Amino acid sequence: MNAAIFQVVNEFFTRTINQHGPTPKGVDWNSEAAQEVRFEQLLKILPEDGSHSLNDYGCGYGALLDYCLKHGLDVDYVGFDIVEAMIKEAVRTHDKIERARFIYGQQLTVESDYTVASGVFNLKGPIPDETWTQYVCDTLEKIDRLSKKGFAFNLLTKYSDAEKMRSDLYYGDPCFYFDLCKRLYARNIALLHNYRQYEFTILVHKEI
């Protein structure tokens, strides 16, 4: 991650978590319901049964872990975030939960069965789209290397209503990212673009 991207993301989300605390607005989501819709789509990467290790890249205050616990998912969870204030809040509110830990830093460093990345590619600030696209591609390559069985990520979609699109947000081309993942990472790819949000989710299932 270059310095400009780190600055944009770190400053924005440090401000939101300090203003709103460990809530969906603290990570710039509209509501808990919308947040849970996203989690539901991303976690379709997990098999229906069994125990799995799970990396949460861009974990924020740990809401995905709460969702996993609420729905009885059997995971060994590791949350990563580049925003120190987020990690401090996640640790404070989850310090008694076993099989879960949080790591602050710019690098995903722990190998897992699966990795999910929710909302980490949305806010680009003044960064040009071309630079941000390369950042997304570079990050997916790193996620792939540390995900043994698969990974999932979401992006705002370029098919959003034009009058509602913001210049500081990144809107990805679902066809481009489907093709990228199909060519580079696995043959079994799912593109989910039917869940009433202005975004899409891609599931990358690796052959074991």
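Aromatic ring pairs number 10 in this structure, which is a predicted model. In one of these pairs, the ring centres of Phe39 and Tyr67 lie 5.7 Å apart with their planes at 65°, and because planes over 60 degrees apart count as edge-to-face, the pair is assigned to that class. Phe39 belongs to helix H2 (residues 32–42) and Tyr67 to helix H3 (residues 63–70), so their pairing ties together parts that are 28 residues apart in sequence. Phe39 counts as buried at 6% relative accessibility, and Tyr67 is likewise buried, with a relative accessible area of 10%.

An edge-to-face arrangement is also found for Trp132 and Tyr135, with 4.8 Å from centre to centre and 65° between the planes. Here both residues sit in helix H5 (residues 129–145), where a spacing of 3 residues amounts to about one turn of the helix, and both Trp132 and Tyr135 are buried. These two residues are also members of a cluster linked by ring pairs, in which they are joined by Phe121, Phe151, Phe153, Phe176, Tyr177 and Tyr185.

Buried residues make up 51% of the 208 residues, while 67% of the contacts with a separation of 6 or more are between residues 24 or more positions apart.

Notes. Residues are numbered from 1 along each chain as its sequence is written. This is a predicted model: local features need pLDDT of at least 70, side-chain atom pairs count only at pLDDT 80 or more; totals for chains, interfaces and linings use all residues. Side-chain values use heavy atoms; hydrogens and water are left out. Rings of Phe, Tyr and Trp (its six-membered ring) pair if their centres lie within 6.5 Å; planes under 30 degrees apart count as stacked, over 60 as edge-to-face and the rest as tilted. Helices (H or I, at least four residues) and strands (E, at least two) are DSSP runs, numbered from the N terminus. Buried means under 20% relative accessible area, exposed over 50%, partly exposed in between (1.4 Å probe, protein chains only). Contact means heavy atoms within 4.5 Å.
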